[in-house]
Protein chains: 6
Amino acid sequence: MIPSFPAAPLIDDIVDRALIEDLAGGDLTTDATVAPDRDAHATFVARSDLIVCGLPIARRVFERLDGSVRSTVRLAEGALAHKGTALLEVHGRARTLLAGERVALNLVQRMSGVATITKRYVDAIPSRARTRVVDTRKTTPGLRVLERYAVRCGGGHNHRDMLGSAVLIKDNHLVAAGGVRHAIDRARAHAPHTSRIECEVENLAQLAEALDAGADALLLDNMDDALVAEAVRLVRSRPGGDRIFLEASGGITLERVAALAAAGVDVISVGALTHSAPSADVALDLTV
Amino acid sequence: MIPSFPAAPLIDDIVDRALIEDLAGGDLTTDATVAPDRDAHATFVARSDLIVCGLPIARRVFERLDGSVRSTVRLAEGALAHKGTALLEVHGRARTLLAGERVALNLVQRMSGVATITKRYVDAIPSRARTRVVDTRKTTPGLRVLERYAVRCGGGHNHRDMLGSAVLIKDNHLVAAGGVRHAIDRARAHAPHTSRIECEVENLAQLAEALDAGADALLLDNMDDALVAEAVRLVRSRPGGDRIFLEASGGITLERVAALAAAGVDVISVGALTHSAPSADVALDLTV
Amino acid sequence: MIPSFPAAPLIDDIVDRALIEDLAGGDLTTDATVAPDRDAHATFVARSDLIVCGLPIARRVFERLDGSVRSTVRLAEGALAHKGTALLEVHGRARTLLAGERVALNLVQRMSGVATITKRYVDAIPSRARTRVVDTRKTTPGLRVLERYAVRCGGGHNHRDMLGSAVLIKDNHLVAAGGVRHAIDRARAHAPHTSRIECEVENLAQLAEALDAGADALLLDNMDDALVAEAVRLVRSRPGGDRIFLEASGGITLERVAALAAAGVDVISVGALTHSAPSADVALDLTV
Amino acid sequence: MIPSFPAAPLIDDIVDRALIEDLAGGDLTTDATVAPDRDAHATFVARSDLIVCGLPIARRVFERLDGSVRSTVRLAEGALAHKGTALLEVHGRARTLLAGERVALNLVQRMSGVATITKRYVDAIPSRARTRVVDTRKTTPGLRVLERYAVRCGGGHNHRDMLGSAVLIKDNHLVAAGGVRHAIDRARAHAPHTSRIECEVENLAQLAEALDAGADALLLDNMDDALVAEAVRLVRSRPGGDRIFLEASGGITLERVAALAAAGVDVISVGALTHSAPSADVALDLTV
Amino acid sequence: MIPSFPAAPLIDDIVDRALIEDLAGGDLTTDATVAPDRDAHATFVARSDLIVCGLPIARRVFERLDGSVRSTVRLAEGALAHKGTALLEVHGRARTLLAGERVALNLVQRMSGVATITKRYVDAIPSRARTRVVDTRKTTPGLRVLERYAVRCGGGHNHRDMLGSAVLIKDNHLVAAGGVRHAIDRARAHAPHTSRIECEVENLAQLAEALDAGADALLLDNMDDALVAEAVRLVRSRPGGDRIFLEASGGITLERVAALAAAGVDVISVGALTHSAPSADVALDLTV
Amino acid sequence: MIPSFPAAPLIDDIVDRALIEDLAGGDLTTDATVAPDRDAHATFVARSDLIVCGLPIARRVFERLDGSVRSTVRLAEGALAHKGTALLEVHGRARTLLAGERVALNLVQRMSGVATITKRYVDAIPSRARTRVVDTRKTTPGLRVLERYAVRCGGGHNHRDMLGSAVLIKDNHLVAAGGVRHAIDRARAHAPHTSRIECEVENLAQLAEALDAGADALLLDNMDDALVAEAVRLVRSRPGGDRIFLEASGGITLERVAALAAAGVDVISVGALTHSAPSADVALDLTV
């Protein structure tokens, strides 16, 4: 199902800030060189193969500058665009198109970059496996809402949105809380009933302790493929072990994804989807 | 000279937004598992070699959450940190350290990532050359001020800050303006006298036209090394050609930097410094 | 465990807006009648029995106006204050105390009001029962973070924080989605693995359908006590039925709480905790 | 005369904040269960008798999410709606209606709640009396503009809007200022000529002192009905006493209103209109 | 009595916006030319005679940039400073002083400009007269709170703060409302009892009509001195006419003030205090 | 070329803040006296000769209040309007026109005031001279973007927009940096290549030093006409001196402009364009 684009107040806030960041002092070049009544046509073109993401926010950039701009989306969000494909066409005053070009591209390139790398990870999952590729909270400050959407466009799933959405007991919590069982008990007693209780474990001893304490999900942190496989077997062999969600995380690379999925984890979380995605190559071609 | 950290109102705005993005619903896990009066000590540690950047904003993250936190910076901004080096130590309530951990890391990892890749480009410039490595406006929406600072920490220079800071006539302006000479004339007539007039050129014919029109700087766009070298020779051989700033841009890779510098360009602009810098690997270790 | 007070950026935003709402035009009366160098002492006093909540934000109101104000909290958040008890003492310039009085009281009265009514519901749960009293999303726009905290101070628990935190399939979703099973299947396929899947049911047929579809939690909507009891029995008698969370909601009154808890529901959600809590009676007494 | 709805920038700010509060993480349930192209029809229905208030802001909630939504108001602001009456109909994408449902209801229920309780107080004024029922500054932080509007919709009047709008010398001012006469003299000397000078009095001695000092209005604080009646007689019997505004405040209940009006006060101010109004019961019914 | 400085949230908002307006791209010159550890001393000096206003906000500008700055105010707000007098001294890092210089000066110069011109009008009132000089709503958008404060520092009084603070029926209201009596009746029926009812009149016929309708105050608009004097006589000769506030407005010049005061108006309102006050000449001298 | 109006997000922010500043408490007078369904027509009329500026923002004020308002601009931005000329006509609900009147006028009067005084300076430049009249950073905090636009409408040019746009080494920088040559060298080494290096000089010795150090532009500060003329001669007589930009600043009056232009400076910067421009006289006439 096509994910909903983030709500307008969230988008407008990001767009307005980005425009102010670039245009607080006006656009010297455009104002000097382009007549105010000159119309033009802008085409966003993929300059390499990519997964399309962010076209609605690109349109919004231009509409925020000038309500009379007209635009047509050529490809659905999440679609694969081959190099050279036109993604979006925008028609309006040349000054508007030039003033908004960089902001619109910066957004589309980042979002498509996240979607594209996500798709690569998702495609590495063997077709019979039901393993999910999910994001983390390692997102760009201020842009989490866009990056999580981009992960969905790339075929990935989202992890919890923020620290208030779900419980995930990590190593540093264990340091401060004093042990796995204690932490899980406290979490179950305090957290909303809507949240599963997930606990990070680094070895099989911690894994057993967390299971005994009744964790609903386990994050297998920084384990190699063999250890992950053993962990999965251990969990699944326990009564009710089928209902435990198993997440592999830490040191994930594209190469490991197939093995991890084959091992039977439910979720592979990849910080790099958002913290290190290279920008997708998109250009804006102007004609008059 | 050590660059000034961006002004506090700019920083606080970014920090507050990032904290709200992660903490609007509170921190379920920490609240449930960690006692409110428990103190702890956090150490930011480099997990790979990197150029340090962003420690002042990491401190600010924790101070914004709790004014009584105490912190010590272990390395200067822009310094090289080897894997395993402690960068910053923060002491305070464990709840505060856990609640701010991810936001602080997200900022430091991104900023150090930009500084580190910038340093790699800067180090690729031969030692005798005076060529600058500079950023572009291809920055993360909302974080330009941080990323430009990170480029400076990495030894790079900044290009113009925004569209209102200086004139740069690009290909799309030429489409809308109708020719190089016309555009440069208009720019000179309208732009502030504090701004040089830079014009993008894609071939030697455009280059000659821009020089004849009196451009102060030329952006040599998407030229290969040989063409760049020829362009430099042509410009420098003209009377007054020594005073023309020459910028190479488009398709820049680390491998090309030495050749471009040797060719004699003044500036190499690299979008990848900000749009595709991988996150630097920094961890927060907690002890109680 | 004492709940953490919401993060400072969230609090400051609320405090600043409230102060601007009341002080954008200055304080005519205080400026005219009170000398600028006059000091005074303010005591917040409970004028009826109440559960204390919001004193940290009351202090923040005065500190935002004048950093030199000094204050002492007399009662812990969540404590029972008998009529006449001093809750908070603030010392500083009389002008500051008078200018901030109403804003501070408005916040403390509302938050203590929510905590007090919550405590009343919590106290109605029989002591052996483990049933939770929880809030809903029927909170005051802009103040959800404060009201959820107040519910915790009153001994209640929170439901999900926002629409992005967890899945709760309600009647209107069923209308648009076309059936319980379909909706639950879609939710399981799309939602983060950290979220349980809760589904609202209005009768035993829907209940059976939701259980068959694998819901993790059921919201028993607008059922009378007898029907709730039967629903609980039905669920618990199924294999694995002990692990299903059962939430009673709709038309909850204080009088019904004991019966619902006795029936064995895990959660009773009460919109009135936040949408209709009467203000707690707190006064500010000034002395010079 | 129908009161103007608050100015759009004020409304949009409240709406956007409320939407972000609920939708910062998206709408998991709706996105998972409802197809993006599914249209639906929402009807706001009164579930008990109430005074309608806030329908324009409910429309605005949906329009902010999706400009293509169409809506029809079925009842005028301030009208009496009987249980079961349709108040507002909204047509658009089902996802939009579901995402905005709670925010729209929270606003309408609160505003209608204030209007409804206000109307009850206003209706308790005998028909020949010209006594006003007015609000206080005991409003919800951040929502004063909506609650004052709701009071007007309920047939009440507003007191001063903020501390900078008019002078009201209260008990704590008297403590800090040193006496009624001094305070009134200072207020007259300093306050804008557009503001009347009102002074709170707790007994007949203070009342006399305030009259002698030339107060334009008196707030009779926490007096019982008999004392209020005597206060009114004393004031009206003095030369010019007809022009003194008399406000009864403190401990006002619905039962006392008729007696206070009969006693001849001009204004009865009731904090409970805004600080303790129960939410009006309004539901949103969805059809496809 | 010294007026209170506007509340911190109002001030911080103005200061932060002004700093961001000037520093969003950093301070190129200072960063390049001044060492980060260089300390310096800044003195604000009056370069012409002026009424001091705004020093607290100037301090705040520097404190916002760097909490370690130390400053000393040399003259009280509202004091007369002769040319060459030191007003404020600030000690801290040279980079901070240079980065904040222009913003601080822009604020102090504008506020002192308003205070200085106000004082000139106030001084033109004959010493026995009790006529007030007041501002209008013709203030700088976004800075009303500062300009109203500056008027008070200059010895003037404020008119109503905003459209919601008090009733002033102007010519355009009369056009839309249909006559003086009708408008005054409606205003009395609807406006808060704390607000006097003021009506603008342009001639003696309107004046009589407004008096008959019971206006509390009259704005004598664009009348020459003789007509004003006659208007005053007419009003004062009526029973109760002593209690009517008379405001002269429109076309007020410094030369007319004495005559208008002598004529007996209570209030002279002068738009030029805020819309056309020349900037006061203040310099910042730096020493190291 | 007609300058672009500042980007919508910048404008909307200013308009919304101004409207909230005036309308946070509603519009008492209009609400009381004008029926909600009454339509009216407003005409903005010049009451003295002026250069028109700001009509698009005036329209935006009314549109923000009510999207159904219709308006027609009668004169282009930057045009000369003779006394009595209609500038803008707005048709809509009378309540909307009255509520927005003052905010719209405050903006238009200020912007037209800046444009008008700028035009006066520009007209004082002899017709053959190419000397520019430019603004400074002595703008109204929060409104710089409008005032710079107004300067362009008046025929002037802009100086650098903010501290991050270009280098201008001023006297206080020289104090902290230790000498002209050192400062210019540092600036050249650090500033973006897009920025010319301008240095303030107070006498001919500094001027020579700055030229020797390679400054691109000189600000001749507080020199009398004769000294300016000599400075120009000195500079122009040096090799390459034709390419040095010369800016006269400090103590500029309308009377001096012709002499300074005749002396051959390129730029005359005038702080008074923005810090002391008297408001232009514009009225709003309402008809029904």
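Where does Thr131(E) sit, and between which two elements of chain E? I looked it up, with some ground rules jotted down before going further.

**Ground rules**

This is a predicted model, so I noted that local features need pLDDT of at least 70, that side-chain atom pairs count only at pLDDT 80 or more, and that totals for chains, interfaces and linings use all residues. Residues are numbered from 1 along each chain as its sequence is written, chains are lettered from A and ligands numbered from 1 in the order in which they are written, and side-chain values use heavy atoms, with hydrogens and water left out.

**Entry: Thr131(E)**

I found Thr131(E) in the loop between α4 (94–123) and β6 (132–134) of chain E. Helices (H or I, at least four residues) and strands (E, at least two) are DSSP runs, numbered from the N terminus. Thr131(E) is buried, at 10% relative accessibility. My note on the words: buried is under 20% relative accessible area, exposed is over 50%, and partly exposed is in between (1.4 Å probe, protein chains only).

I then checked what Thr131(E) touches, where contact means heavy atoms within 4.5 Å. Leaving aside neighbours within four places in sequence, I got Ile125(E), Ala261(E), Val265(E), Asp266(E), Val267(E) and Ile268(E). With Val265(E) there is also a distance to write down: its backbone oxygen lies 2.9 Å from a polar atom of the Thr131(E) side chain.

**Entry: Asp66(A)**

Next I went to another loop, the one between α3 (55–65) and β3 (70–73) of chain A, where Asp66(A) lies. Is Asp66(A) buried or exposed? It counts as buried, at 13% relative accessibility. Its side chain makes a polar contact of 2.8 Å with the side chain of Ser68(A). A polar contact is a pair of N or O atoms within 3.5 Å; within protein, one must be able to donate a hydrogen and the other to accept it, and residues adjacent in sequence count only if both atoms are side-chain atoms. Not counting residues up to four places away in sequence, Asp66(A) touches Arg93(A) and Thr96(A).

**Entry: Glu147(A) and the rest of chain A**

I found Glu147(A) in helix α5 (residues 144–153) of chain A. Glu147(A) is buried, with a relative accessible area of 3%. Setting aside neighbours within four places in sequence, I listed its contacts as Arg110(A), Val114(A), Thr139(A), Thr140(A) and Thr274(A). I also noted that Glu147(A) and Asn158(A) are 11 residues apart in sequence and 9.8 Å apart in space, C-alpha to C-alpha.

Zooming out, I counted 11 helices and 12 strands in chain A. The chain has 288 residues, and 64% of them count as buried. Its C-alpha atoms fill a box of roughly 70 × 35 × 25 Å along the principal axes. Of the contacts in chain A with a separation of 6 or more, 73% are between residues 24 or more positions apart.

How many residues does helix α4 of chain C have? I got 30, covering residues 94–123, with 40 Å from first C-alpha to last, close to the 44 Å expected at 1.5 Å a residue. That expected span is 1.5 Å times one less than the number of residues. α4(C) bends by about 45 degrees at Glu101(C); the bend is the angle between axes fitted to the seven residues ending there and the seven starting there. Since 26 of its 30 residues are buried, α4(C) is largely enclosed by the rest of the structure.

**Entry: two asparagines**

Most residues other than glycine have a negative phi. Asn222(D), though not a glycine, has a positive phi of about 55 degrees. I placed Asn222(D) in the loop between β9 (217–221) and α9 (225–237) of chain D, and it is exposed at 52%. In chain F, Asn222(F) also has a positive phi of about 55 degrees, and Asn222(F) is exposed at 53%.

**Entry: cysteines and chain pairs**

Cys199(B) is buried at 0% relative accessibility, and Cys199(F) is buried with a relative accessible area of 0%.

Last, I checked two chain pairs. No contact joins chain B and chain D, whose closest C-alpha atoms lie 8 Å apart. Chain A and chain E do not touch, with their nearest C-alpha atoms 8 Å apart.
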